[in-house]
Amino acid sequence: MPARAPQIVALGGGGFSMEKEGSLLDDYILSLLDAERPRVCFLPTASGDADHYVVRFYRRFSPGCEASHVSLFRRDQGTGGVEDDLAAHLLSQDLIYVGGGNMVSMLGAWRAHGLDSILRKAWRKGIVMCGPSAGSLCWFTQALSAFHGAPRPVRGLSILPYSNCVHYDAEPARREEYHRAVADGMSAGFAVEDGVGLHFRGTRLERVVSSRPEGRAFMVQSQGSRVLETPLETHYLGETLKTPRTIALAEPVAA
Amino acid sequence: MSATGAPPGPVPLQERSIFAMGGGGFTMEPANPLLDDYVLSLARAREPRILFLPTASGDTTPQINAFKARFTGRTCVAEHLSLFRLRETRRPLSELVAEQDILYVGGGSMRNLLAIWRAHELDTMLVEAWERGTVLAGLSAGAMCWFQYGLTRSSGPPEPLEGLGLLDGSLTVHTDGEPERLPVWLAHVRDGTLPGGWALDDGVGLLFRGRTLDRVVSSRPGAEAQRVDAIAGELVRRRIQPDLLGSRANDPLGGYDEAVEELRRVHRLRRGTGGRRS
């Protein structure tokens with residue numbers, strides 16, 4: 001059997017945790033899985049393993065999936081999360097869903113438990129990876145973090161050789177901050193609004209999907225002393241989900 | 001007085017304080033304020049600024065609420081620092097840490113605590129705060145983190161984990177409340193994989209001035225500390241009877257007598273929070 005291509009669906013915001021009718025992005029992600037009852041594991045690390053987040057995950061995914069979660073804060077307390085062999089469990093999934101929150105705290109905790117290398121291995125193996133917000137930023141080389149002080153570029157896992165900026169429409173200053181960071185030498189990358197997902201096959205952007213008719217994503221790169229922002233063709237899932245089409249983007253971003 | 005401008009320089013070693021609790025304080029003893037009042041008394045400021053770091057728990061709401069319930073209404077300025085919840089503060093971490101008189105670290109996963117601090121470079125800021133004379137306090141993971149080593153259950157079974165190393169030796173906590181820890185710690189001290197150190201019951205706290213143990217206190221009658229060392233492969237264990245806080249003989253600050261308790265009842269009634277919480 002040929003190996004499955006690595007895939008990441010990076011959401012600017014949205015999915016079960018953020019949208020009341022947030023099923024469209026989650027449905028799109030589930031449509032990428034072959035299994036009839038896929039194994040889906042949730043990593044709520046970026047929220048500090050917040051209970052309400054874990055509950056919402058199970059509410060959304062346990063009806064159709066073999067749902068589980070890994071808690072890195074309560075490994076001693078038997079809270080129903082996976083506790084023994086994290087690597088074996090994660091590497092047997094069809095989908096790993098990374099929750100939102102604080103990316104720097106999440107990556108710190110992941111490293112302490114060896115999850116960073118497990119997740120790289122899982123991606124190479126063809127397990128689909130996805131998540132909103134911090135669950136998107138973490139896959140990229142650099143992310144714009146606006147946590148405690150002025151926004152600044154922070155390092156992610158560097159699986160996708162670009163930068164990433166999420167919630168692009170949520171804060172008026174975001175766009176200017178991201179453009180300034182790219183002008184100051186941050187890698188070229190993708191700015192993504194809430195409700196919009198970037199679907200990567202390998203490290204190549206294959207498709208941009210949205211749960212909202214007006215959702216947008218942009219490629220942002222510096223050219224000489226200027227910063228160019230190019231809108232990406234975005235497919236509203238409310239119309240296209242039933243007949244997904246592969247639409248080539250004009251120009252894949254160079255690494 | 002709290003620092004408002006540039007943080008002051010380092011203070012002499014003997015003026016640096018760390019208070020390490022085996023368990024207790026507002027998260028574990030909501031009806032017993034003795035250890036937390038003792039923490040406040042360690043600051044030089046009359047109305048100290050106290051910052052709670054709930055990092056080891058993942059910034060859980062119950063811990064933050066218990067902190068507010070304990071310190072709101074006491075003579076202090078109380079805040080908490082979340083490293084998970086976005087946009088609770090956009091002030092630089094270094095600024096927030098530098099203006100405190102007391103940094104109080106909660107319990108939870110010691111492994112996550114240290115890894116997340118390092119990811120935010122908070123470990124360096126805390127060491128610098130200690131050097132400036134800011135009181136460092138904490139329980140459980142928040143106590144073991146200051147030592148060379150602690151014994152953590154962050155990954156399930158108890159195992160040694162390196163701490164920040166401001167204090168020499170190793171620490172194990174909840175000796176009475178989680179009895180599975182002590183034998184593992186003793187075995188590691190005996191075979192030399194851990195340096196000697198202290199084992200603390202819930203409710204017991206060690207006060208260090210510089211790197212020297214200055215005082216052992218407790219919020220509960222009967223709670224104990226022990227100092228353990230390995231000498232030629234044999235364990236030498238020494239029991240330490242803590243000073244029970246709240247009794248006049250042990251508490252030069254006036255203690256926890258009936259008049260104080262009465263006054264606090266009045267305060268609680270005025271705040272409308274009623275009686276004891278369970």
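Is B:Glu121 buried or exposed, and how many other C-beta atoms lie within 10 Å? The last view answers this. This is a predicted model: local features need pLDDT of at least 70, side-chain atom pairs count only at pLDDT 80 or more, and totals for chains, interfaces and linings use all residues. Residues are numbered from 1 along each chain as its sequence is written, while chains are lettered from A and ligands numbered from 1 in the order in which they are written.

**View 1. Chain A meets chain B.** The contact draws 20 residues from chain A and 25 residues from chain B. Two residues are in contact if their C-beta atoms, placed from the backbone, lie within 7 Å. On the chain A side, 7 residues are nonpolar, 8 polar and 5 charged. Here Ala, Val, Leu, Ile, Met, Phe, Trp, Tyr, Cys and Pro count as nonpolar, Asp, Glu, Lys and Arg as charged, and the others, Gly among them, as polar.

**View 2. An open sheet in chain B has 8 strands.** Their order is β3-β2-β4-β5-β1-β10-β11-β14, with mixed pairing. Strands (E, at least two residues) and helices (H or I, at least four) are DSSP runs, numbered from the N terminus. Two strands pair if DSSP finds at least two bridges between them. β3 (77-80) and β14 (243-244) of chain B stand at the edges. Each has a single partner strand, so one side of each lacks a neighbour in the sheet. β2 (residues 49-53) of chain B runs parallel to β3(B), over 4 bridges. B:Ile50 sits opposite B:Ala78 of β3(B).

**View 3. β9 (residues 197-200) of chain B pairs with β8(B) and with β12(B).** Strand β8 (residues 167-172) of chain B is parallel to β9(B), with 3 bridges. B:Leu171 has B:Trp198 as its bridge partner. The chain passes from β8(B) through helix α7 (residues 181-190) of chain B to β9(B), in a right-handed β-α-β crossover. Right-handed means that, with the strands pointing away from the viewer, the path from the first strand over the helix to the second runs clockwise. β12 (residues 225-231) of chain B is antiparallel to β9(B), with 4 bridges. There, B:Ala199 faces B:Gln226.

View 4. B:Gln63, B:Ala66, B:Phe67, B:Arg70 and B:Phe71 are buried. A residue is buried if 20 or more other C-beta atoms lie within 10 Å of its own, exposed if 12 or fewer, and partly exposed in between, with C-beta atoms placed from the backbone. The arc is that of the directions from the helix axis to the C-beta atoms. Exposed B:Pro62 and B:Asn65 lie on the face turned away from the buried side. The cover over the buried residues includes α1 (34-41), β2 and β3 of chain B. Just after α2(B), B:Gly73 has a positive phi of about 95°.

**View 5. Helix α7 (residues 174-183) of chain A buries A:Tyr178, A:Ala181 and A:Val182.** These buried residues fall within an arc of 95°, so they line one face of the helix. Among the elements covering them are β6 (140-145) and β13 (226-231) of chain A. A:Gly185 follows α7(A), with a positive phi near 115°.

**View 6. A:His167 and B:Glu121 have positive phi without being glycine.** A:His167 has phi of about 50°. It lies in the loop between β8 and α7 of chain A. A:His167 is buried, with 21 other C-beta atoms within 10 Å. B:Glu121 has phi near 60°. It is found in the loop between α4 (110-119) and α5 (122-131) of chain B. B:Glu121 is exposed, with 12 other C-beta atoms within 10 Å.
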